[in-house]
Amino acid sequence: MRILLVEDDPILGMAVRDQLVADGHSADWVTRLGEAAVALHAAAFELVLLDLMLPDGRGTDFLRRLRSAGDVTPVMVLTARDQISDRIAALDAGADDYLVKPFDLFELSARIRAVGRRYAGNPNPLVTLGDIEVDLAARSVRRAGRMVALTAREWSLFEAFVQRPHQLMSKPQLEERLYSFDAEVESNTIEVYIARLRKKLGTDVIETVRGMGYRLGTRGAGA
C-alpha cells in the first residue's frame, strides 16, 4: 500500500515508517498537516496514519475537512489521547480505526491489513485464484499447495492485483504504490517485478493490456 504517515514525534515516526517499509509498503512521512494536505493532493494514497495533535492543528479538524471535500481515503488515527470522547470524536469525524499510543508495531501492521481488506471489498483474508491460494493476513502465497516465497516488493505488487481483481492498473499507478516521493524508480522496474511474479506464479497470473497497463489474469479475475 502507499501510506501517508502524519506524525511529529521523530522517534515514533521513524519506527512506524521503518515498520511500514519492512511490511512492503511505500511510506511517505510528514510532520505537519499542511504537508499532509500537499502530499494528498500530489499522490494517491491507500491509507493515512494520522496523529491528532500536530504543531499546526488538530487531526480531527483536518479529517473533517478531508471528508467534507469528498476524500474517502482510509484514515487510521494514532494518538496518545485515550479518552472515550476522543475516540468517538475521531470516528465521527471519519476515521476508520483508532490506535492508542504506545502501541505494538505488529498490531499496527495487522490493523493496516484489515483496513486494506475492507476497502478492497473483501474482508476475507483468504483468496483463491485457480491453483493459487493467497492469505492476505499472513502475507503468504501457495501454488498447487506449495509455498511460494515473494520478496516484499513482489508481494506488494501482487497484493495490488489481488485486491483489485477486475481493475486495470497503469504503470504509474503501480509505481505510486511501490515507491515514496523520494525514491528513485528505474524505467523498467514494474516490468521486472511483473516478470518475476509470472516466473514464480505462472505466465497467466498477470495480463498485459498493451499501451494501458496490467490486471490480474483471467484465471484470477474470474475467481
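In the predicted model, the loop between β10 (140-143) and β11 (146-148) contains A144. The backbone of A144 has a positive phi of about 55°, although A144 is not a glycine. Most residues other than glycine have a negative phi, and most peptide bonds are trans. A144 has a relative accessible area of 60% and is therefore exposed, the cut-off for this class being over 50%. A cis peptide bond is present from K101 to P102, with omega near -5°. P102 belongs to the loop between β7 (97-100) and α5.

The largest nonpolar core comprises 26 residues. Within this core, the residues that touch the most other members are L129, I132, V134, L157, F158, F161 and L201. Strands and helices both contribute: at least two residues each come from β8 (126-129), β9 (132-135), α6 (152-163), α7 (171-178), α8 (189-201) and β13 (213-216). The greatest contribution to this core is that of α6, which supplies 6 residues.

Two helix pairs were examined. In one of them, helix α1 (residues 10-22) packs with helix α5 (residues 105-119) at an angle of about 55°, and the two axes are 10 Å apart. The crossing of α1 and α5 is right-handed. On the α1 side, the contact is formed by A15, V16, Q19 and L20. The α5 side contributes L105, F106, L108, S109 and I112. By class, the residues of the contact of α1 with α5 comprise 7 nonpolar and 2 polar, with no charged residue.

In the other pair, α7 and α8 pack at an angle of about 85°, with 10 Å between their axes. The two helices are therefore roughly perpendicular to each other. The residues of α7 that meet α8 are K171, L174, E175 and L178. Their counterparts in α8 are I190, E191 and Y193. The contact of α7 with α8 divides into 4 nonpolar and 3 charged residues, with no polar residue.

Individual positions in these two helices were also considered. I190 is located in helix α8. The relative accessibility of I190 is 0%, so this residue counts as buried, the limit for that class being under 20%. When residues up to four places away in sequence are not counted, I190 touches K171, L174, E175, L178 and Y214. Four of the residues in this list, K171, L174, E175 and L178, are in α7. The C-alpha atoms of I190 and K171 are 6.8 Å apart in space, and the two residues are 19 residues apart in sequence.

Q173 is part of helix α7. With a relative accessible area of 41%, Q173 is partly exposed. Between Q173 and V72 the separation in sequence is 101 residues, and the C-alpha to C-alpha distance is 18 Å.

Notes. Residues are numbered from 1 along each chain as its sequence is written. This is a predicted model: local features need pLDDT of at least 70, side-chain atom pairs count only at pLDDT 80 or more; totals for chains, interfaces and linings use all residues. Side-chain values use heavy atoms; hydrogens and water are left out. A nonpolar core is a set of buried Ala, Val, Leu, Ile, Met, Phe, Trp, Tyr and Cys residues joined through side-chain atoms within 4.5 Å. Buried means under 20% relative accessible area, exposed over 50%, partly exposed in between (1.4 Å probe, protein chains only). Axes are lines fitted to C-alpha atoms, for helices over the stretch in contact, and angles run from 0 to 180 degrees between N-to-C directions. A crossing is left-handed if the near helix is turned anticlockwise from the far one by less than a right angle, and right-handed if clockwise. Contact means heavy atoms within 4.5 Å. Ala, Val, Leu, Ile, Met, Phe, Trp, Tyr, Cys and Pro count as nonpolar, Asp, Glu, Lys and Arg as charged, and the others, Gly among them, as polar. Angles under 35 degrees count as roughly parallel, over 145 as roughly antiparallel, 65 to 115 as roughly perpendicular and the rest as oblique.
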